[in-house]
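Please read it with the structure open.

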Amino acid sequence: MHRATFYNIGSADCIRIDLENGRKLLFDYAHMGDPDDKDDLRCDLPRELREDLGDREEYDVVVFTHLDNDHYARATEFFYFEHIKKYQTEVDGVARIKMIEMWVPAAVITEALSADADAEAKAIQKEARERF
């Protein structure tokens, strides 16, 4: 049976879908929680996702539905970007999680980012364009 898990990350949701055949899909990723705030109800997303992955080092599909920060925050600290060397090294001694496939809407590939787009939005756009 397929299973969907919703993670509380703030304004948006992160959704993990586990397919019956063992494939794993992740829709949006934003590590927004503050570990120093005991009243922050947002999850520790990297910890929860790594626990779920166990020995696996990748998601079969990672989807960024759009480039609002609450849908990708700190993704460059968690994921391995095949086409950007600085997002391939370990983070605090831990390997980054690979994305076998990366899905984005066409606008992420074709449209210019706003002048105030941050480095993460630019990295996701670059990675999507290179994979296309």
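1. Cysteines. Cys43 is buried, at a relative accessible area of 12%. Cys14 is buried too, with 0% relative accessibility. Here buried means under 20% relative accessible area, exposed means over 50%, and partly exposed lies in between (1.4 Å probe, protein chains only). The structure has zero disulfides, a disulfide being a pair of cysteine sulfur atoms within 2.5 Å.

2. Basis. This is a predicted model, in which local features need pLDDT of at least 70, side-chain atom pairs count only at pLDDT 80 or more, and totals for chains, interfaces and linings use all residues. Residues are numbered from 1 along each chain as its sequence is written, and side-chain values use heavy atoms, with hydrogens and water left out.

3. Sheet. Six strands make an open sheet, ordered β1-β2-β3-β4-β6-β5, with mixed pairing. β1 (3-8) and β5 (79-80) are the edge strands; each has a single partner strand, so one side of each lacks a neighbour in the sheet. Helices (H or I, at least four residues) and strands (E, at least two) are DSSP runs, numbered from the N terminus. Two strands pair if DSSP finds at least two bridges between them.

4. Hairpin. β2 and β3 pair antiparallel over four bridges. Ile17 stands opposite Leu25 in β3. The two strands, β2 and β3, form a hairpin with five residues between them. In the turn, Gly22 has a positive phi of about 95°.

5. Parallel part. β3 and β4 pair in the parallel sense over three bridges. Phe27 has Val63 in β4 as its bridge partner. β4 (residues 58-63) also runs parallel to β6 (residues 97-103), joined by five bridges. There, Val62 has Met102 in β6 as its bridge partner.

6. Helices on the sheet. α1 (residues 45-53) lies across β1, β2 (13-18), β3 (24-27), β4 and β6, at about 135° to β4. α4 (residues 119-131) packs on the sheet and touches β5 and β6, its direction making about 70° with that of β6. Contact means heavy atoms within 4.5 Å. Axes are lines fitted to C-alpha atoms, for helices over the stretch in contact, and angles run from 0 to 180 degrees between N-to-C directions.

7. Crossover. β3, α1 and β4 make a right-handed β-α-β unit. Right-handed means that, with the strands pointing away from the viewer, the path from the first strand over the helix to the second runs clockwise.

8. Aromatics. The whole structure holds five aromatic pairs. Rings of Phe, Tyr and Trp (its six-membered ring) pair if their centres lie within 6.5 Å; planes under 30 degrees apart count as stacked, over 60 as edge-to-face and the rest as tilted. Tyr29 and Phe78 are stacked, at 4.8 Å centre to centre and 15° between the planes. Tyr29 sits in the loop between β3 and α1 and Phe78 in α2 (residues 75-78), so the pair ties together parts 49 residues apart in sequence. Both Tyr29 and Phe78 are buried.

9. Second pair. Phe64 is in the loop between β4 and α2 and Phe79 in β5, 15 residues apart. Phe64 and Phe79 are both buried. Tyr29, Phe64, Phe78 and Phe79 form one aromatic cluster.
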